[in-house]
Amino acid sequence: MKKNTILSTILTFISTTIFAQRFPQPDFELGYVYPEQHLFIPKEAFWSYMDIALLVILMSFVAWAVIKKQVRGPVILTSIFSVAYFGFFRNGCVCSIGAIQNVALVLGNSGFTIPLFVLLLFILPIIFALLFGRVFCAGVCPLGALQEVVNVKNYRLSKAVTGVLRIFPWIYLGFAVLFAITNSRFILCAYDPFVGIFRLGGELPLILFGVLLLIFSIFTGRPFCRFICPYGAILSLFSRFSFRQIKITKKECINCDLCRNACPVDAIRPPYENKVKESRSEGVKRILKYAIFLPLMMIAGVLIMSSMSEKFSEMHKDVRLHDEVMANENNPQSVQSLDLQAFYGQESLTVEMLSTQVAEIKQDFRNYSKLIGGFFGLVVALMLIGLSTKRTRKTYEIDDADCVACGRCFNYCPQNKVAFKC
């Protein structure tokens, strides 16, 4: 017994001597210089810096090509690189589209912060849209680039069909913001149709949907960008006021119609002579009708969305848990789900506290649903007003909101004698 005590004492002394940490650092008196500490950038941080740098470089490259040189070749090169790097190499996760949700979450919840990398992903394409139009959509966005690469034919859809489908990106945007700002779900990431293709695996329905979109992209220009993408809708709004807008040719348009036939997204408007000349009083009456119609549409949107807010709140996990807990309280189950077992197995959250939290969540849904509903009404009203107004055009003009800066029209214009060969 005595030997064991002595042995344990010796082992304890040795272990404390070897593994002891001294603080502060020892003060040497012989001029000893501590080695310089080198802080290494984590691997993911390095790639984040690389992504932002490439994003700016590629958008600048596309802007130079379509505005300064009016050539398409660099757009094709950018598209191929973007599909390879941002798509397959980075697994489609360098995504300005998904950043919408991060921004919405931070705006509605003071307890969350947004990483600088994600904020730059969201803001930089918007800044470039204000300066040069939708150069991000041209070939920098891997989703748009993938559709651009496979497109070989352009069958034009009817104006009635495209008019209805172009409302959907704004609706998708509204619901994405609603579920993100209430911290419920990131639906843009959950239902990304191309991420499964870029990752070479995923949920089968989404992969099939992505493949179907690519098949449509072969025969008509960019169906995802035009009729689904919410970030494209945001960029279309800012590109209307871009500082340097894309021109088909620097020379005089000869109205040959070749550029409009070449445009894959139907973003070129033909000449139009507005023969309906209205008097001043008629014009005032029309504006007054619009002034009444627009708020009525917004009120209708508020009422519809507010009535559905209870259903929307079920997207939140706490609301679903509360419903499950209350059902179990009223009718105890012999076999409980894992969520119920986890809830009853902890003591920090009671049924009363959960009910209070859910009441606050549902109130948030009612408030935000009203805002989103008003937004929906505004979008629909403005689109209908836009369809009812006509402006005289003497030559073919690019619709800056719809143009994705692909540059297809450049090579088809007879006035552009020199074309870039990739």
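Biologist: Hi! What does the secondary structure of the protein chain come to?
Modeller: The chain has 21 helices and two strands, taken as DSSP runs (H or I of at least four residues for helices, E of at least two for strands) and numbered from the N terminus. This is a predicted model, where local features need pLDDT of at least 70, side-chain atom pairs count only at pLDDT 80 or more, and totals for chains, interfaces and linings use all residues. Residues are numbered from 1 along each chain as its sequence is written, and side-chain values use heavy atoms, with hydrogens and water left out.
Biologist: Thanks! How many of the residues are buried?
Modeller: Buried residues are 41% of the 422 in the protein chain; buried means under 20% relative accessible area with a 1.4 Å probe, protein chains only.
Biologist: New topic: where is serine 242?
Modeller: You'll find serine 242 in the loop between α14 and α15 (258-262).
Biologist: Is serine 242 buried or exposed, and why?
Modeller: Serine 242 counts as buried because its relative accessibility is 8%.
Biologist: And which residues is serine 242 in contact with?
Modeller: Leaving aside neighbours within four places in sequence, serine 242 is in contact (heavy atoms within 4.5 Å) with Ala129, Leu130, Leu131, Phe132 and Gly133. Its side chain also reaches the backbone oxygen of serine 239 at 3.2 Å.
Biologist: Which residues of α14 make the contact?
Modeller: On α14, Tyr231, Ile234, Leu235, Phe238 and Ser239 make the contact.

Terms used:
Buried means under 20% relative accessible area, exposed over 50%, partly exposed in between (1.4 Å probe, protein chains only). A polar contact is a pair of N or O atoms within 3.5 Å; within protein, one must be able to donate a hydrogen and the other to accept it, and residues adjacent in sequence count only if both atoms are side-chain atoms.
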